[in-house]
Amino acid sequence: MLFSNNRLLPANIEIDNGFRDEIATLSQRNVQLFSEFLDQPTFSGSEYEQTVTEYLRKKYAVHPPGIIIAVGDNALEFMLRHHGDLFQSIPVLHIAVGSAFLRANEPVPSDVVGIPADYDSLGTIQLALRWHPRTQRLVIVTGASDWDRGREAALRTGIPALNLAVTVEFLAALPSDAVVNRLAELGPGDVVYTPGYFRDGAGREFLPRDSAALMAAKSRAPIYAPYNPFIGTGIVGGRMPDFKDMGRQAAIAVNHLLDGVPLVDLKLPAKAAARVNVDWRQVLKWKIDPALIPIDSVVHFRQPSFWEEHRKQALLIAAVILLQALLIAALLVERRLRRRTASALQESEDRMSLAARAARLSMWVWEMVGTARKSSADAQAQTGARAVAPISFDDVLQTVHPSDRERFGRAVRQSAAGDEELEIEYRSVEPDGETRWFAARGRAEKPGGRMTGVAMDITARKTAEQQAERDRSALTHMARVSIMGQLSVSIAHQLNQPLAAILGNAEAAYKMLDHDVLDIAELKEICGDIITQDHRATEVIRHLGALYKRGELKLEPLNLNELVTETLNLVHTELTTRHVTVTTELAPSPLIVDGGRVHLQQVLLNLILNAADAMSEVGADQRHLVIRTELDGESVRLRVIDNGTGIAPQNLKNVFDAFWTSKVGGIGVGLAICKSIIAAHQGTLTAANNGGPGATFCATWPVRLQVSSAVSKHG
Amino acid sequence: MDSVFLVDDDPAVLKSLSRALREDGWAVETFESAEAFLARHGSATRGCLVLDVTMPGLNGLELQRKLAESRQALPIVFLTGDGDIPTSVQAIKAGAADFLTKPVASAILSGVIRAAIEKAASARESQAEMEMLQQRLATLTPREREVLAAVASGRLNKQIAGDLGVVEQTVKFHRAKIMERMQAHTLAELMHIAAKLGIEATERH
């Protein structure tokens with residue numbers, strides 16, 4: 001029997017015991033068992049293997065073995081590598097070899113058979129998380145030897161595939177002191193998993209069982225492991241194959257082989273299956289719900305206690321004594337407590353009620369099922385802790401403003417069903433018909449149960465917010481109309497061009513109708529041109545209409561490139577008059593981003609006209625404007641780059657301030673409004689001087705906007 | 001037949017106006033920019049330029065200035081998409097024949113073009129006459145010019161002889177020579193020519 005590891009490794013001892021017991025009962029033969037230990041991972045390397053091979057060959061030259069039993073991954077690996085020059089043609093039976101190792105080394109030669117062992121580390125982790133449902137963090141402890149590194153690597157690839165809802169912390173190859181200190185810091189919400197280790201980060205050698213014992217002594221969180229010899233060290237348990245059983249299975253197989261059954265006909269179990277092993281003392285210590293422990297689990301250290309043996313009698317006696325004692329104590333304590341708490345409660349309630357009234361805060365309890373007594377009088381007199389009596393949620397719903405009722409009902413029921421906290425703003429219609437705003441926070445006492453919480457009257461804040469919103473919207477609109485005023489000449493031009501084309505065409509056609517020979521093709525073309533130009537005029541009017549109209553910022557997907565082109569059409573004449581040439585450097589179209597069409601157009605108009613103003617003092621042939629759109633990951637950038645006089649350094653920080661202007665006759669709200677429009681897009685608008693002449697204004701905002709915040713603001 | 005030269009950066013406008021003007025019987029040439037017009041036409045061009053004000057590159061007013069610099073007598077009718085008063089004043093001051101706002105009825109445009117062409121034609125005629133008179137004037141000797149100036153300012157032969165310190169006979173001789181060289185048949189005609197040439201005011205002592 002060739003063992004992978006140390007002679008004292010508990011798993012080895014168990015396998016050895018299992019084998020000896022079983023072979024003794026099965027067979028009267030004098031089976032001689034010789035054990036060899038590779039002492040991995042303390043000793044390893046090709047030179048060492050060479051020495052061992054040499055040693056084994058020489059040692060067994062006289063008495064060659066009949067069967068080799070390779071125990072564990074390293075032993076089998078050794079045999080696979082040296083079978084050619086060591087114990088050639090002697091059958092090899094492997095046990096305690098992980099199925100992962102076998103998969104990685106397929107196919108094994110035909111004279112090597114065995115019973116794979118199911119070391120179920122991931123199953124053990126899942127088991128642990130099932131037993132501790134409130135776990136938030138999984139702590140994995142591994143060591144520094146090659147074997148330990150192998151466990152760590154397997155866990156690092158295996159755990160992500162489990163899609164665990166907990167955070168995972170690796171304590172890999174740390175000195176044992178550090179491991180123990182860290183484990184001592186853990187607390188509720190943590191679960192530890194370890195395969196133990198042979199060597200720690202400080203180079204100290206261990207038997208894995210001893211390392212587990214070291215951890216269990218100090219850990220403030222339950223420890224799980226995949227090897228059954230660890231049971232008893234203080235770990236809770238895990239899904240573990242039974243090493244003793246592996247020894248027995250090996251004995252059975254050896255017995256058959258000695259009976260003359262050929263290797264190929266050997267009926268071996270498919271695997272040494274993992275079973276749930278658990279230390280009952282740990283179950284009690286960590287308060288694991290016994291209902292979660294599978295019936296077929298191997299439970300260790302559960303001794304039928306006195307309690308279990310004499311259950312009835314004990315119960316009776318204990319109950320009587322307890323009841324008497326309790327009664328006496330309770331009577332005494334209650335009398336004192338009652339007196340003391342009554343005054344404390346009164347004081348606390350008075351304080352609470354004062355604070356609640358000052359904060360316009362009311363407390364509530366809502367019965368979610370419709371059986372609560374109706375108590376609308378209480379509901380109205382909610383202020384003060386003592387007035388809190390459960391009222392039916394259906395009654396509450398009736399007082400909610402019809403426009404908010406559905407949203408409110410849905411949110412509350414959703415919160416009542418789970419343990420998510422309720423946080424909502426809603427309007428309520430008071431008995432006098434007045435609408436007031438409330439902000440409510442609360443949670444379910446237990447999922448599906450009644451809801452408790454507080455509500456605060458926020459009517460004043462809401463009114464101020466709405467007024468501010470209206471003012472901002474009015475100011476934005478005013479600024480837009482003012483830009484349109486500046487552009488009136490340009491706009492007239494935009495409209496008169498198509499009208500001129502229509503009139504000319506119509507007159508030409510009218511006169512052509514008097515010709516002796518009608519040129520139908522030409523007439524048709526003229527009519528077509530008239531229609532095209534009519535569309536052109538209509539389009540201009542449609543755009544203008546939207547810009548003149550006052551409206552809320554409406555975020556929707558739009559093609560930013562198209563918006564740039566449309567806006568440039570609008571200012572075409574203005575820019576031509578001012579000798580400004582424009583280059584557009586647009587991202588690949590369509591550039592679909594979320595945004596407010598009219599408001600973004602307003603920003604663009606503002607920036608373009610500002611740029612034109614900034615270039616009025618440079619030579620006519622140098623007035624060059626660049627408009628650039630770029631997609632940068634999740635956000636979009638819109639740049640307006642001019643070639644003008646730039647922004648004086650001392651003014652750079654002021655350009656976006658309201659009522660600050662460097663222009664004669666400007667009132668200085670344009671850029672402030674532009675900035676607020678881009679801010680409403682959850683973005684930023686910045687200004688900077690170029691390396692060369694001129695300045696660049698850059699608006700950046702996310703391509704995909706969460707529209708919810710904008711919507712909820714308006715109910 | 002004089003041509004109409006249409007310059008407008010908007011192809012749709014260009015096409016429709018050229019159609020309407022052709023229906024009114026004009027020969028029309030179209031250009032999408034002032035530069036394109038300049039490239040095609042030297043100083044010999046005759047006709048009427050119908051010009052958009054707002055264009056990229058050289059705009060209407062700038063083309064007008066350039067043509068004036070090269071002493072072209074081509075009449076210009078401006079068309080504009082926006083009734084911008086300062087621009088129209090500037091254009092008219094610089095000699096534009098007219099300044100119209102789009103959209104414009106073709107009857108009005110044709111009328112304006114016709115008037116501009118006629119006016120240009122008569123201007124050309126008077127200029128031709130002026131050039132001829134100046135050529136004749138150039139054939140006079142300095143002394144004859146002096147005599148002509150004196151005659152034009154209404155002085156008698158005797159007074160002129162006194163002014164110049166010569167005998168009256170000599171003045172008569174000069175006058176006959178002047179009449180011949182200026183191709184004037186009567187004194188009234190000579191006075192008229194002198195007025196046209198603006199001699200009276202400039203050479204009086």
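Predicted model: local features only at pLDDT ≥ 70, side-chain atom pairs only at ≥ 80, totals over all residues.
Local features here need pLDDT of at least 70 and side-chain atom pairs count only at pLDDT 80 or more, while totals for chains, interfaces and linings use all residues. Residues are numbered from 1 along each chain as its sequence is written, chains are lettered from A in the order in which they are written, and side-chain values use heavy atoms, with hydrogens and water left out.

**The two chains**

Begin by selecting chain A, which has 22 helices and 24 strands; helices (H or I, at least four residues) and strands (E, at least two) are DSSP runs, numbered from the N terminus. Of its 715 residues, 45% are buried, where buried means under 20% relative accessible area, exposed over 50%, and partly exposed in between, with a 1.4 Å probe and protein chains only. Then select chain B, whose 205 residues are 45% buried and whose secondary structure comes to 10 helices and five strands.

**Where the chains meet**

Pick out B:Arg19, B:Glu23 and B:Pro103, which supply 29% of the area that chain B buries against chain A, more than any other three residues.

Stay at B:Pro103, which sits in the loop between strand S5 (98-101) and helix H5 (106-138) of chain B, and look at its peptide bond with B:Lys102, which is cis, with omega about -10°. Chain A also has a cis bond to visit, from A:Glu106 to A:Pro107, with omega near -10°, and A:Pro107 is in the loop between helix H4 (99-104) and strand S5 (112-117) of that chain.

**The nonpolar cores**

Next, which residues touch the most other members of the largest nonpolar core? Among its 54 residues, they are A:Leu560, A:Val593, A:Leu605, A:Ile608 and A:Trp701; such a core is a set of buried Ala, Val, Leu, Ile, Met, Phe, Trp, Tyr and Cys residues joined through side-chain atoms within 4.5 Å. Helix H20 (residues 597-614) of chain A gives the most to this core, with 10 residues. Apart from it lies another core, of 49 residues, including A:Phe19, A:Val139, A:Leu186 and A:Tyr227. In soluble globular proteins, nonpolar side chains tend to be buried together.

Now centre the view on A:Leu560, which, leaving aside residues up to four places away in sequence, touches A:Leu591, A:Val593, A:Leu600, A:Thr629, A:Val636 and A:Trp701.

Select A:Ala96, which lies in strand S4 (residues 92-98) of chain A and has a positive phi of about 60° although it is not a glycine. Is A:Ala96 buried or exposed? A:Ala96 counts as buried, because its relative accessibility is 4%.

Move on to A:Gln682, in the loop between helix H21 (670-680) and strand S23 (684-689) of chain A, which is not a glycine either and has a positive phi of about 60°. With 38% relative accessibility, A:Gln682 counts as partly exposed.

Finish at helix H6 (residues 142-152) of chain B, where the buried residues include B:Glu144, B:Val147, B:Leu148 and B:Val151. After this helix comes B:Gly154, with a positive phi near 90°.

Notes:
Contact = heavy atoms within 4.5 Å. Buried area = accessible area lost by both parts, 1.4 Å probe.
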